[in-house]
Amino acid sequence: MRQRNVLEYLEATVSRLPDKVAFADDECRMTFSQVFHDSRAIGSALASKGLTGEPIVVFMPKSPRAIAAFFGCVYGGDYYVPIDPEMPRFRIELIFENLKPKAVIVERSISDELSSYRHGGELLFFDELIRTPVDEPLLSGIRERQIDTDPIYIVFTSGSTGVPKGVVACHRSVIDYIEQLSEVLGFSEETRFANQSPLYFDACLKELYPTLKFGATTFLTPKQLFMFPVKLVEYLNEHRINTVCWVVSALTMISAFRTFDKVKPEYLRTVAFGSEVFPIKQFKRWREALPEATFTNLYGPTETTGMCCYYRVDRDFAPDEVIPVGRPFHNREILLLTKDNQPAAPGEVGEICVRGTALTLGYYHAFDRTDEVFVQNPLNDRYPELIYRTGDLGRLNERGELIFVSRKDHQIKHMGHRIELGEIEANVNLLPGVSMCCCLFNKEKDKIELFYVGEDSEAELLTALKDKLPRYMLPNRLTKLERLPLTANGKIDRMTLMRRVENQGNAE
Amino acid sequence: MEELIEILTDLHPDVDFTTTEGLVDDRILDSLDIVSLISEIDDRFDVAIPAEEIIPENFNSAKAIYDLIRRLEDE
């Protein structure tokens, strides 16, 4: 029978490998049977309170316990929304406002922090929930009624209006993704992951669900280690890590400082990366250091559940070449559409659009914003069929591989994160000391530049922004101007400012 | 030292780097900061910090970073 529920992964594995460690960090190790027990206890507690079919916020620091809470929500017939207390205050407020959750699962040690937010939800302590007796009939009743298009999580992604968008994914899209990804990257019971992504991004699906599916093990790498390359590689060796799916900047941090001269990841055989361009010079250092390993570039927007395309590196690249995005996983199709919604000719640039089961359900409580990008396939005038318009522009190279070209709007990729420059601008414009601003991205230097007019000094503005935006969205350079250049029809002249950014670069 | 304080203050204008210690332990600096700091130090002091020196002890205070730069300059 075809799998309908992500929890079937866990249930098949727990009977086979009950005592194997599933998820571990420096403080806590959880075996499959602990994950199984705790998540079913949490599910029982939620359902017995009548909380089913609800978004449940999991307000916990990254830990194996937070992961068990996620699955607990799914057992309860709910969908989890990870919020990490390290996220900026203003962003968390916006997320609570969008969700209006009926319940929040919280780690007791940080419940004070949570109580400073107005969210209106019932407070549920993790340590109490896991002491709830497992109510077998209640859980099987929920399972009986669940269908594979029911949601399982919401993760929030940058929105150009300044309000983050909650992407809702369901069992079916996650199962489809995990099956394809596992085949492409060759996961197995022997796989030992070192996780890098925060749990509030869909990037962590790559570790969470294959761990359940295969009975693999995921180590949650302490964030601090990503500052210290030698220690990071030593950590990989200590835990005999053989698989990493990391953002490019985490990998280049290691190679750029010539860490491999000192120490190499001895067990690493599978390296997947994505979310931004891998500079070829750094990539070469990785391949030289790990000649046995496979390297796979992954590409995909959150809206189509994790990743969508892959390219297994099979040749050398010149320093000015870009590693292709490759081809779609099975069971999804990439359409390249021109401005007039026609298929792009071979080599011609078009918008990357995705068709298939991998499409998420859309944005939470945002039907209008959903309808803008989850649209009827313009090539199909016969029956309803949704595609997701990524806003990314791409083309096929002469080998038929998909190449990412650029964005059609002001969305950027910086340090592995997807960022709307408009969201930064919207937040800057909220500050009382600012009357006008423009945010640009210097791609060559990988720096976010902000120009503004107002009373605040650069330092004051940056300090104020820290409350509103995540660290990776903060401008790298701020420039206060008497006035911003305008175009003939009165818009901020981004081109002139961009030239100024480029000239500054040359002057240095 | 002044130039180093300037680089650090550009990263975090709200921190007084002349007195603050525990820059790593108290999570004032994150990995993005360390990466930009190291490349700025390379640009402005012409000192390439080798991987084995990129450890918490060498980045916990402005003084520790400065001592590291001086030590590497001498080598």
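How many residues does the contact take from chain A and from chain B? In this predicted model, 17 residues come from chain A and 13 residues from chain B. On the side of chain A that touches chain B, helices α10 and α15 (458-466) of chain A each supply at least two residues. The residues on that side of chain A comprise 11 nonpolar, 2 polar and 4 charged.

Helix α11 of chain A spans residues 248-256. Of its 9 residues, 8 are buried, so the helix is largely enclosed by the rest of the structure. The buried residues are A:Val248, A:Ser249, A:Ala250, A:Leu251, A:Thr252, A:Met253, A:Ile254 and A:Ser255. Within chain A, the buried residues of α11(A) pack against α10 (229-238), β11 (243-247), β12 (270-274) and α12 (280-289). They also pack against an element of chain B, namely α2 (31-45). Just after α11(A), A:Arg258 adopts a positive phi of about 55°.

Another helix pair in chain A is formed by α8 (residues 171-185) and α9 (residues 205-214). Two packed helices are described by the angle between their axes and the distance between the axes. The axes of α8(A) and α9(A) come within 10 Å and cross at roughly 85°. An angle of 65 to 115 degrees counts as roughly perpendicular, and α8(A) is therefore roughly perpendicular to α9(A). From α8(A), the residues that meet α9(A) are A:Val174, A:Tyr177, A:Ile178, A:Leu181 and A:Ser182. Their counterparts in α9(A) are A:Leu205, A:Lys206, A:Tyr209, A:Pro210 and A:Lys213. By class, the residues of this contact divide into 7 nonpolar, 1 polar and 2 charged.

Chain A also contains an open sheet of 3 strands, in the order β24-β25-β26, with mixed pairing. Its edge strands, β24 (434-442) and β26 (477-480) of chain A, each pair on one side only. From one strand to the next, the twist averages 20°. The pairing of β24(A) with β25(A) (residues 447-454) is antiparallel and extends over 8 bridges. A:Asn442 stands opposite A:Lys447, a residue of β25(A).

Two helices of chain A lie across strands of this sheet. Helix α14 (residues 421-429) of chain A lies across β24 and β25 of chain A and runs at about 155° to β24(A). Helix α15(A) lies across β24, β25 and β26 of chain A, at about 130° to β26(A). Helix α15(A) also supplies at least two residues of the side of chain A that touches chain B.

Technical notes: Residues numbered from 1 in each chain as written. Chains lettered and ligands numbered in written order. Predicted model: local features only at pLDDT ≥ 70, side-chain atom pairs only at ≥ 80, totals over all residues. Buried ≥ 20, exposed ≤ 12 C-beta atoms within 10 Å, placed from the backbone. Helix = DSSP H or I, 4+ residues; strand = E, 2+ residues; numbered from the N terminus. Contact = placed C-beta atoms within 7 Å. Nonpolar A, V, L, I, M, F, W, Y, C, P; charged D, E, K, R; others polar. Axes fitted to C-alpha atoms, helices over the stretch in contact; angles between N-to-C directions. Parallel < 35°, antiparallel > 145°, perpendicular 65-115°, else oblique. Pairing = 2+ DSSP bridges.
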